[in-house]
Amino acid sequence: MSSLNLFGNPLRRWFGGSQRETVPVKELRERDRRRMLKHFLALEKSDRLLRFGSQLPDEQVTKYVNGIDFGRDLVFGVYNRVFKLVAVGHLGFAPKEPSKSGVTDKEQVAEFGVSVLKTARGLGIGSKLFERANIACRNNDVDTLYMHCLSSNQTMMHIAKKAGMEIHRDYGEADAYLKLPPADPASVLQEAMQEQLATIDYALKANVRAAAKLLDKLPGHKPDN
């Protein structure tokens, strides 16, 4: 089985039988917080350093996850076919700082951070999360998207360069920002369709996972390894 099949679109056969694999990006909610914590705690030490800019201990990672305000920020995730959260993108909104007044006239800016488990890399998931954050910014009247990371974070640097972001490096760290066009009917429709398809994908994977757990509890059934 190809690794891409972990993220195959379950609706593919109903849309012309295309063989193109997709990566459904779902907006995460309060119900996903526990799986988000498991995701971040599962990051290897080097990946945790790249994601947070420092080697946060488990208790600080837990504090970060518990402190995410889903009413203010947007969080996106990618679940594989066994309903494991393998990637998380956090789009945090904040009031415009005076230092950024020359970059945007809007009242707020957004900063994006992303993490992908080692087993799910090389599939373009980070870029898909960034694209979703991009369109979400536009539709929330934000015209400037920021990313702050270590200069050694090659994945984030690749995403930034691919998106055409302006990058400023200083003392081992990098700030990148991208100017976004305003929302239009196409961007609103695109975001709605992406979320709808990802919601269906999410429900299917959740139900399959629940059914598998129930099956494992039946007498005489041997769980799959």
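**Close-up views of a predicted model**

**View 1. Strands S4 and S5 side by side.** Strand S4 (residues 108-116) pairs with S5 in the parallel sense over two bridges, where pairing requires that DSSP finds at least two bridges between the strands, and strands themselves are DSSP runs (E, at least two residues), as helices are (H or I, at least four), numbered from the N terminus. In S5, Tyr146 is the bridge partner of Glu111. Strand S5 (residues 144-150) has six of its seven residues buried, so the rest of the structure largely encloses it; buried means under 20% relative accessible area, exposed over 50%, and partly exposed in between (1.4 Å probe, protein chains only). This is a predicted model, in which local features need pLDDT of at least 70 and side-chain atom pairs count only at pLDDT 80 or more, while totals for chains, interfaces and linings use all residues. Residues are numbered from 1 along each chain as its sequence is written, and side-chain values use heavy atoms, with hydrogens and water left out.

**View 2. The loop that holds Arg29.** Arg29 lies in the loop between strand S1 (26-27) and H1, and Arg29 is partly exposed, with a relative accessible area of 42%. Although Arg29 and Asp69 are 40 residues apart along the chain, their C-alpha atoms are separated by 9.7 Å.

**View 3. The segment after H6.** Lys217 is placed in the segment after H6, and with a relative accessible area of 70% Lys217 is exposed.
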